[in-house]
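This briefing sets out selected features of the structure shown below, grouped by topic.

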Amino acid sequence: MTSATPPGAHLPEHGDFLWRNPEPKKSYDVVIVGGGGHGLATAHYLAKNHGITNVAVLEKGWLAGGNMARNTTLIRSNYLWDESAAIYEHSLKLWEGLEDDLGYPILFSQRGVLNLAHTEQDVRDSVRRVEANKLNGVDAEWLTPDEVAKICPIVNVSGDIRYPVQGATYQPRAGIAKHDWVAWGFARKADEAGIDLIQDCEVTGFVTDGDTVTGVCTTRGDIACGTVALCAAGHTSVLLDMLGVPAPLSSHPLQALVSELLEPVHPTIVMSNQVHVYVSQAHKGELVMGAGVDSYNGYGQRGAFHIIERQMAAAVELFPVFARAHLLRTWAGIVDTTPDASPIVGHTPYRNVYVNSGWGTGGFKATPGIGWCLADTVAHGRPHEYVAPFALDRFVTGALVDEHGAAAVAH
Amino acid sequence: MSSDFRVEGYGRVDRDQTLTFTFDGRTYTGHPGDTIASALLANGVHTLGSSVKLGRPRGIGASWTEDATGLIQVEEPFPEPMLLATAVELVDGMVVRGLNGQGRLAQIPDTARYDRKYHHVDTLVIGAGPAGLVAARAAARRGERVALLDDRAEAGGSLTGTETIDGRPSRDFVAEVTTELAGNAQVVHLPRTTAFGHYDDGFVLALERRTDHLSDPPAGRSRQRVHRVRAKKVVVATGAHERPIVFADNDRPGILLAASARDLLHRYGVLAGREIVVFTSDDAAYAAALDLVAAGAKVTVLEVRAQAPAGAGDLHVITGARVLSTRAVLPADETVGNHGRIASVAVMDGGGHEFGLTCDLLLVSGGWNPTAHLFSHVRGPLAYDEALGAFRPARSVPGVEVVGAADGVLDLAGCLGPEVTAGDEPERTPGEVIWRVPGATDRQFVDVQRDATVADIARAVGAGLRSVEHVKRYTTIGTAHDQGKTTGVIAAGIAAELLGTGVQDLGTTTFRPPYTPVAFAALAGRERGELFDPVRTTAVHDWHVAHGAVFEDVGQWKRARHYPQPGEDMEAAVLRECTAVRGGVGILDGSTLGKIDVQGPDSAVLLDRLYTNMMSSLKVGSVRYGVMCGVDGMVIDDGTVLRLADDRFMVITTTGGAAKILDWMEEWVQTEWPGLRVHLASVTEQWAVFPVVGPRSREVIGAVFPGLDVANAAFPFMTWRDTVLDGVPVRVARISFSGELAYEVNVNAWYAPAMWERLLEAGAPHGITPYGTETMHVLRAEKGYPIIGQDTDGTVTPHDLGMAWAVSKKKPDFVGKRSFARPLNADPLRKQLVGLLPTDSTTKLPEGSQIVELCDDGVLPAPPVPMLGHVTSSYRSAALGRPFALALLKGGRERVGDIVHVPVGGQLVAAQITSSVLVDPEGARRDG
């Protein structure tokens, strides 16, 4: 028996005060629909960067209880296309200063990400992405299997697995953070700035006047608004439906899971598309994993178990030492996917309504970046340069930012 | 060491045999039938390890999986982290140790086997306690197919053997029912099998532990098995978990749930203490106390309620009492197994008097939480029951029945139902719901594993949190190994108290699978190593192996990549193979290409809608190359189409795209155009395909198939002909993926090895050379033929590939057509497929390399550097005598002749843009 406490046991305490629980006012300059990470970050940057504080964040459940509470907390910016790299790299830079900005511990740990390649085509795609990252100023390297094993010794780089590891891309600046800490840090700052965070407040409709939305109907009464920002992830399509705006969003369950607390074995983040799993070890020692979405559409926050079983097979295949780790808890979030696997951000047919959705399985890492850019968009009434490529009308013009080829599965 | 706390006449362990094990380096003994926990307690060991955050001693807190604290690490026979001592059955020679909050993974591979089994039943009963046994027997007697799963080694659930059922001892009743079930071929009864997940439509997953309890497991038996049960009706008979009461220093070793002490006595013959204090607000603790007294313990009952209940007998009961705090042995007893163990309790009685009681065991009972996890997994609604002080099923869910204690029924008669008679039980007095005793909140542990206290809940509420989910996340209560089985409702209750709201209004956190932790390997099952993903091989795979082929994975297929001769590396082998094909004749195993048999009167209509080009105009006997696009107008696959009859086509897909394209076609047929009279079937594995390629291929084909007129006039390019060889039908098609004269020989896969040998034999005089996928790739790249998925990435239109000719302008509609009208599709700066020749004539550009504008000074500017495109394919060419590449390049076709730069390993390599067709641009070779 040992009485020394293990590494990672002592996480920082949460703040003594996080937020008020105000009654909604009759009117706000800006109403943000969706109190998840993106909505809260937008609120924070509206106050901090633009001095806009007459803002309400409306949350139908509990604050940051959707995907913000359910993701696997991976943060990286090694995306293929210029447009994606720009917003995610902007976000990563904000992550690097976020703890100071929020005055709140977020446990951002830049431990690097390995994206494994298992086939000849994986290798081609990986080299392509590494070279693109370098030219875009994003840190990236191509590693041989031996170099992979040096960074993460528990990865099976031998030839005795079904799809042997042929190498990996590596982004050293990638990392993980604690999602609740991040969300609550944003919420606390927004509340401190005077922004009203209103929970148990579901939006049931909009009051429109021509191409203007003048008010938001909620389960806690009607609220007049100057500008509306929709940040409702998988339920954005439900909100847009109320406005009669079609958007090519489809919502899927995405499952994740954790193990019990384990002594440190996994120093980085490993993702594999071919063997279909992504895994990191969180601060306290639990293995945190995800894989692909459930193929059925739906808003139920749970998925089918064969997805988990397949993910476990992949995990044990790549990390033989995981064999007797235990699955402790599974859960699911609802991810909003788009035809080109890139988000939809910017104008809607309503002049004062902005949409932010379609982040699919990758929204967490974008949290500060999109909050910053959406706040700027709302404040200036035009899309910020980093979100301009992600306009809804790209599905009409054909200016797609198709990340399937490069990021197909894992975010 | 002696088993000081084992009581004669109790328990069902086999005392004739003694097992030896070590805990934290000391050797102890136990018996078959023991768990690690019962064996340790029999030896007087309570303390197992220390808590994760505060390093406080942690011990065994219950007798089964509801234990929130008694975690161990098994080291031998095989390392396994974080197991409950109460749930690990003892075998001889085990080595275990305590934990300080983290488990340790084995550093050696787990070679145990794990597998799965499927069951389809009318009724699945989960739990073989009294309610479950009655339900299973009733279903079996109705003639139903029944599965009865129970997580413990022995049926009976909460029955201790002291009860009377139908006038007999309860164990006789259990034996009678299980014997009856065992004699019924329609019934599967699985002990040691924990149902851990419940999904829609009667789907339940359960883990069976099959070997760990055996000292000498049969060879080949899987260690654990996941049972996947699909049931018309699921009966949840999972019982209830006893709930503790929170007070200061309630986390010490030596503090157990009351019914657990009774369970330990009757199951294992273990008296967990000799001087026992029972702190209770519920009647069940009295039965425990009476049994413990009978077994020789001294017991004092601290009753929360003002009156002792009917079943108190002549127990010493102090009513209206509260445990204020506890103390450990002072100075701390450093003996292994007793560190920090409880030595006394501070008590306040109903009159407000405070006093101390010494004890070596404190039992706690605050009532019962129905084990409704498996009901909740399928969205069964739970409602707070004021009298119970717990959440219980609120209303039914179709196909799911919750019975017995899981439904909040706490008396045996109620659990057994009307068909079975329980012996007399003392009448139950309503319990008093009490979450905690006032006191030092920072030492009142709600989650003993996470070291989370009442003070933490108070801080959370003070921070503005109003949701039980927020409180959970703030405090981490309920996130540990036990997932809040016993304490989740206490956290909600205390939060509700602090907020001045009702527990019902606050709600509870969500129960998620798994009910108890499951090893990753068990869920992986057989899908490891070779079986992780099926390996598909062609009918002539053995020949490739025998002839030294190097293989590559293409989808699930193993394809021969090249056939190196002694001393050859891949480059040398491929250059030799390429030279042989263009100079003579080669043969490829192309059997992995996807083949879809399309039949029905509307076959041509379907293909016209799915391909960008016209297929309905194809004549029977002819072949056409076609391109398929997604709705976004981007190429998703390509291949040839053979028209076999007016109403029948053979669609050839890429190897990697075969399954995806069949799915794609089926989706359109089934969901969008169900009126089309057309049927699709994969025949990929039914047909072997051997392209015989090169200027001498005609001689080879002519020699093998004397019945076939192989002349150009009789058998022109892009046609197919059927012939017969030794009575075996063979289809030969004039298709070329190399630009050379070529004949693709299709034959039933059963005859493939013989056909392959015949072709080789006939080709021998011509020096026929088997070639692999790498050579195939080089040859096609020299002709500018793209590989979908390598030279495209889902952003490439047929026009970008220079295949505008393959996009019909006549057809009214096809998948992708609308997207071609989008403005950006006409952008002259779209990336287009071009050739790229490194100007030094020696550098082979790495595939994936990015392309930038020529940097005049030879130095790459600082990021961001605009990218023009990337290298999609790159090879050394025997025909060209130099390396070349294909690339997707912005406005590429208008830039032929320009020089661009490709950053390669810190250097800039200059390359000239060319046409994508570098060999035989005039197409002179295809007819030989």
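In which sense do strand E5 (residues 71-76) of chain B and E6(B) pair, and over how many bridges? In this predicted model, the two strands pair in the antiparallel sense, over 3 bridges.

**Sheet in chain B**
- E5 and E6 belong to an open sheet of 5 strands in chain B, arranged in the order E2-E1-E7-E5-E6 with mixed pairing.
- Strand E2 (26-30) and strand E6 (80-84) of chain B each have a single partner strand, so they stand at the edges and one side of each lacks a neighbour in the sheet.
- From one strand to the next, the twist averages 35 degrees.

**Domains of chain B**
- Chain B is divided into domain 1 (19-107 + 244-365), domain 2 (116-240), domain 3 (440-530), domain 4 (541-591 + 687-780), domain 5 (594-682) and domain 6 (827-928).
- Between the C-alpha centres of domain 2 of chain B and domain 6 of chain B the distance is 67 Å.

- In soluble globular proteins, nonpolar side chains tend to be buried together.
- The largest nonpolar core here comprises 109 residues, and A:Trp95 and B:Leu124 have the most contacts inside it.
- Another core, of 52 residues, lies apart from it and includes A:Cys152, A:Ala325, B:Val518 and B:Phe520.
- Beyond its neighbours within four places in sequence, A:Trp95 is in contact with A:Ile75, A:Ile106, A:Phe108, A:Ala177, A:Val182, A:Phe364, A:Lys365, A:Thr367 and A:Pro368.

**A buried loop residue**
- B:Ala406 is located in the loop between strand E28 (400-402) and helix H7 (412-416) of chain B.
- B:Ala406 counts as buried because its relative accessibility is 0%.
- Not counting residues up to four places away in sequence, B:Ala406 touches B:Val236, B:Thr238, B:Gly239, B:Pro370, B:Thr371 and B:Pro393.
- B:Thr508 is 102 residues from B:Ala406 in sequence, and their C-alpha atoms are 16 Å apart in space.

**Interface between chains A and B**
- In chain B, 105 residues are in contact with 89 residues of chain A.
- About 8,500 Å² is buried between chain B and chain A, with carbon and sulfur atoms giving 54% of that area.
- B:Gln102, B:Phe520 and B:Phe532 supply 11% of the area that chain B buries against chain A, more than any other three residues.

Definitions and conventions: Residues are numbered from 1 along each chain as its sequence is written. Chains are lettered from A and ligands numbered from 1 in the order in which they are written. This is a predicted model: local features need pLDDT of at least 70, side-chain atom pairs count only at pLDDT 80 or more; totals for chains, interfaces and linings use all residues. Side-chain values use heavy atoms; hydrogens and water are left out. Domain bounds come from an automatic or database domain assignment. A nonpolar core is a set of buried Ala, Val, Leu, Ile, Met, Phe, Trp, Tyr and Cys residues joined through side-chain atoms within 4.5 Å. Buried means under 20% relative accessible area, exposed over 50%, partly exposed in between (1.4 Å probe, protein chains only). Contact means heavy atoms within 4.5 Å. Helices (H or I, at least four residues) and strands (E, at least two) are DSSP runs, numbered from the N terminus. Two strands pair if DSSP finds at least two bridges between them. Axes are lines fitted to C-alpha atoms, for helices over the stretch in contact, and angles run from 0 to 180 degrees between N-to-C directions. Buried area is the accessible area (1.4 Å probe) that two parts lose on being put together, summed over both.
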